[in-house]
Amino acid sequence: MSSLTDLEKRYFEKLFGMSTGYVLDFSNATFGEFFRRHNVDIHGHTYQTLGTSKANKLRTFWGSEPDRLVGAVLSEPLDSYEADCELNDLDIDKRVLDKARGFVGRLTGPPVVPNSARKESEFLSREFTVPRIDRLPIETQVVLIVEARLKEARVALGVGAHLSVIFLCGSVLEAVLLGAAHRDPKTFNQAKSAPRKANGSPKRLPEWSLAQLIDVACEVGVLQPDIKKFSHGLRDFRNYIHPYQQLISGFTPDEHTAKVCFQVLKAALASLAGERQ
């Protein structure tokens, strides 16, 4: 079972509107699809101990599964809550949201980009160069912004501004993946892992989280599989933009972390530009 306390659970209950028996705007179908991406059959008998509503199934899930799985599952709906509030001009309960992100950080532990020291060493030793910006799938008006952020990331790396490197790398990756999705929306929207509304139709591309963009980009062949894994690591580090999450995890990115993230970005951009062999 997860180590979520009763007090911590109340934060998720509030953000997800679980007092109604629902969880955000999930339908039964999209709720099941979301959990299947984590290899969980949320509609199975295992999670009906407290009842058959989506809220009760989620309560049973976080009361019976391990920390890392629960943290991974809860992270994405927090992004959906924030996006829904912004898109519908609703007030975001920032204090509650930040605390909930911190609880997710505690459950998942300090994020690690590679799975082993050997694989990390192999990845870092490979030569990746930033491709020509005009080969990336981004709109012309975004080119100067991406160029400026890449330049700033290099400067930040040189002066030891490690968190800045991570945030800049994450923002560039998200911009270029969104550009790839805008260039071929039909392929991205038809992917199995594409995020969907309650009625089953795909969400608008600007509503997609970075995690969703990474998953779909890999599924449709825009990103190579090894980059998917490392890109999710970069995404996890980027979430330290929320101070409470960094506080709860107790992890402080250093020069090594920043270099790993910049390497991940270079590899992803090379993949997106079609320059990886």
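Q: Which residues is Leu269 in contact with, leaving aside its neighbours within four places in sequence?
A: This is a predicted model. In it, Leu269 is in contact with Val130, Pro131, Leu136, Leu150, Val172 and Val176, once neighbours within four places in sequence are left aside.

Q: And which residues touch the most other members of the largest nonpolar core?
A: They are Leu136, Leu173, Leu177, Leu223, Leu269 and Leu272, out of the 45 residues in that core. Helix 7 (140–159), helix 8 (162–183), helix 10 (210–219), helix 11 (225–238) and helix 13 (255–272) each give two or more residues to this core. Apart from this core lies another one of 30 residues, including Phe12, Phe35, Tyr81 and Cys85.

Q: Why would such side chains gather like that?
A: In soluble globular proteins, nonpolar side chains tend to be buried together.

Q: Back to Leu269 for a moment. How many Å apart in space are Ile227 and Leu269?
A: Their C-alpha atoms are 9.9 Å apart, while the two residues are 42 residues apart in sequence. Ile227 belongs to helix 11.

Q: Is Ile227 buried or exposed?
A: Ile227 is buried, because its relative accessible area is 0%, and the cut-off for buried is under 20%.

Q: Which other residues of helix 11 are buried?
A: Besides Ile227, the buried residues of helix 11 are Phe230, Ser231, His232, Gly233, Leu234, Arg235, Phe237 and Arg238. As for its dimensions, helix 11 has 14 residues and spans 20 Å from its first C-alpha to its last, close to the 20 Å expected at 1.5 Å a residue.

Q: Let us turn to helix 7. Where does Ala156 stand, buried or exposed?
A: Ala156, which lies in helix 7, is buried, with a relative accessible area of 6%. Not counting residues up to four places away in sequence, Ala156 touches Ala161, Ser164 and Val165. By contrast, the C-alpha atoms of Ala156 and Val40 are 41 Å apart in space, and these two residues are 116 residues apart in sequence.

Q: New topic: how many cavities of 30 Å³ or more does the structure hold?
A: It holds three cavities of 30 Å³ or more. The largest cavity contains about 160 Å³ of space. Its lining has 15 residues, and Phe26, Glu76, Pro195, Arg196 and Lys203 are the closest to its centre.

Q: Which elements give two or more residues to that lining?
A: Helix 2 (28–36) and helix 4 (67–87) do. Helix 2 provides the largest share, three residues. By class, the lining of the largest cavity divides into five nonpolar, three polar and seven charged residues.

Q: What about the second largest pocket, how much space lies in it?
A: About 540 Å³ of space lies in the second largest pocket. It is lined by 24 residues, of which Asp79, Glu82, Glu174, Ser209 and Arg238 lie nearest its centre.

Q: On to the backbone. What is the phi of Asp89?
A: Asp89 has a positive phi of about 55°, although it is not a glycine. Most residues other than glycine have a negative phi. Asp89 lies in the loop between helix 4 and helix 5 (94–108), and it is exposed, with a relative accessible area of 71%.

Q: And what about Leu24, where is that found?
A: Leu24 is found in the loop between helix 1 (6–16) and helix 2. Leu24 has a positive phi of about 50° and is not a glycine.

Q: Two last ones. Is Thr60 buried or exposed?
A: Thr60 counts as buried, at 8% relative accessibility. Its place is in helix 3 (residues 54–64), and, leaving aside neighbours within four places in sequence, Thr60 is in contact with Thr46, Tyr47, Thr49 and Leu50.

Q: And Gly274, buried or exposed?
A: Gly274 counts as exposed, at 58% relative accessibility. Gly274 sits in the segment after helix 13.

Technical notes
Residues numbered from 1 in each chain as written. Predicted model: local features only at pLDDT ≥ 70, side-chain atom pairs only at ≥ 80, totals over all residues. Heavy atoms only, no water. Core = buried A, V, L, I, M, F, W, Y, C linked by side-chain atoms within 4.5 Å. Buried < 20%, exposed > 50% of the residue type's maximum accessible area, 1.4 Å probe, protein only. Helix = DSSP H or I, 4+ residues; strand = E, 2+ residues; numbered from the N terminus. Contact = heavy atoms within 4.5 Å. 1 Å grid on protein atoms, 1.4 Å probe; cavity = no way out; pocket = protein on both sides within 12 Å on 5 of 7 lines; lining within 4 Å. Points joined across faces, edges and corners; volume = space filled by probe spheres on them. Nonpolar A, V, L, I, M, F, W, Y, C, P; charged D, E, K, R; others polar. Expected span 1.5 Å × (residues − 1).
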